[in-house]
Number of protein chains: 2
Amino acid sequence: MRILGIDPGLRTTGFGVIEKEGNKLSYIASGTVKTQSETGLPERLKTIFEGVTEIIGTYKPDCAAIEKVFVNVNPQSTLMLGQARGAAICALVSSGLDVYEFTALQIKQAVVGHGKADKKQVQAMVQRLLTLPGIPGPDASDALGVAICHAHGTDTIQALEQAASLKSRSSFRIHRGRLLR
Amino acid sequence: MRILGIDPGLRTTGFGVIEKEGNKLSYIASGTVKTQSETGLPERLKTIFEGVTEIIGTYKPDCAAIEKVFVNVNPQSTLMLGQARGAAICALVSSGLDVYEFTALQIKQAVVGHGKADKKQVQAMVQRLLTLPGIPGPDASDALGVAICHAHGTDTIQALEQAASLKSRSSFRIHRGRLLR
C-alpha cells in the first residue's frame, strides 16, 4: 500500500510518499509545493491544487493522510491555512483518494510513541523508521510523519478486523457445534 | 459577459449566475450546494468542489466573483469556512476561470450604494437590479450580489481603461504635435 502524506500550508505544502509491505515501511519521495506570497490567493490555491494533483499522478498513491490543523492565534492565518488545506484536500478527493485525518498528537504518538515529542524527535524517528540517509527537512518530515501514522493506523484497523473476524468465526463454530448436537 | 457569483460556506455554498450586456444585467440562475454535517470533512469539500464544477459546466460563465470572508468569532468556524472557500475557489480556478474577490463592504456599496446596508436591503436591490419576480433567498442573494458587484466593477475598470486610453491618445497627439512643430 502506497500512502501520500500531506502537511498543508498556504506558503509551503509538504508531501511525503511511503510504501507499506507487511510491517516494512519504505521511503518513496518527499518534497514541497511552494506558492509566492505576492500572488493573489486564487492563484496560490490553484498552485497547491495542481501541485498536489501532479504529485498524485507521479507517485500513484492508494490513499492519503493529512494533518488536522490547529486554529492559529491569528484568525487571519487560520483562514489562510484553512483555504490551503481545502485546496489540498480537493486535489486528493478529486483524484479519487480516500483521505484520512490525524491530529498532531496522534502523529507524534504513532511516530515517536508519545504525544509530547518535539520536532527534532519526530524528524529523528522519521529518519529511523524509513531508514533515510539523513534527517528530513521539517515540511517533508511532517508529511512523512502523517503517512507513517496512517500506516500504523491501518495495522491497528487490520488487527481489530482480524480480531473481529476470529471472534465471529469462533462464535460461528460454536453455533455449528450446537446445531450438530 | 456571464458572471458566476459564489457565497462560500461549509454547510451551504450559494451561487448566482448573471449576464451583462452593455449596462443591462439579467438573471440566469441561482441556487445552493449543500453538504451534510454528519459527513466527514474531505467528503464535504468534495461535494462543494464537484457541485461548483457542475455549475460551471452547466452555465458556462466567463469569470467568477467570490466574497472575501471575514474571520469568525469562533476560530474553529473560521477554519471550516476557510476550507470550504478553498474548495470553491479550487473548482473555479481548475475550470480555468479568473476569480475576483470582493469584501462585503464593496458588495453592499455596489448593490445598495452604501456599505451599511442590511441583508433585506441587499435582497431588495438584487431583486430590482435583476428584475426578479420575488425576493431571492439569502444565499442566492449574496451570490448574485457579488456577481453584480463584479459587473459594476468591470464598468469602472472599462471606464478607467477608456480614460487611460483617451489620456494616452491625447498625450500621443500632443507628442505628435510637438514633433510636427
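At what angle do the axes of helix H2 of chain A and helix H2 of chain B cross? They cross at roughly 45° and come within 6 Å of each other, each helix covering residues 75-94. This is a predicted model, in which local features need pLDDT of at least 70 and side-chain atom pairs count only at pLDDT 80 or more, while totals for chains, interfaces and linings use all residues. Residues are numbered from 1 along each chain as its sequence is written, chains are lettered from A and ligands numbered from 1 in the order in which they are written, and side-chain values use heavy atoms, leaving out hydrogens and water.

**The H2 pair**

- Axes are lines fitted to C-alpha atoms, for helices over the stretch in contact, with angles from 0 to 180 degrees between N-to-C directions.
- H2(A) and H2(B) are therefore oblique to each other, as angles under 35 degrees count as roughly parallel, over 145 as roughly antiparallel, 65 to 115 as roughly perpendicular and the rest as oblique.
- The contact (heavy atoms within 4.5 Å) involves residues of both helices, including Leu79(A), Gly82(A) and Ile89(A) of H2(A) and Leu79(B), Gly82(B) and Ile89(B) of H2(B).

**The sheet of chain A**

- Helices (H or I, at least four residues) and strands (E, at least two) are DSSP runs numbered from the N terminus.
- An open sheet of five strands runs in the order S3-S2-S1-S4-S5 with mixed pairing, where two strands pair if DSSP finds at least two bridges between them.
- Strand S3 (24-34) and strand S5 (99-102) are at the edges with a single partner strand each, so one side of each has no neighbour in the sheet.
- From one strand to the next, the twist averages 20°.
- Strands S1 (residues 2-7) and S4 (residues 63-67) run parallel and are joined by four bridges; Gly5(A) stands opposite Ala65(A) in S4(A).
- H3(A) packs on the sheet, where it touches S4 and S5 of chain A, and its direction makes about 90° with that of S5(A).

**Loop residues to look at**

- Gly113(A) sits in the loop between helix H3 (104-111) and helix H4 (119-129) of chain A, and is exposed at 55% relative accessible area (buried is under 20%, exposed over 50%, partly exposed in between, with a 1.4 Å probe and protein chains only).
- Lys60(B), in the loop between helix H1 (41-59) and strand S4 (63-67) of chain B, has a positive phi of about 45° although it is not a glycine.
- Thr131(B) has a positive phi near 40° and is exposed, with a relative accessible area of 68%.
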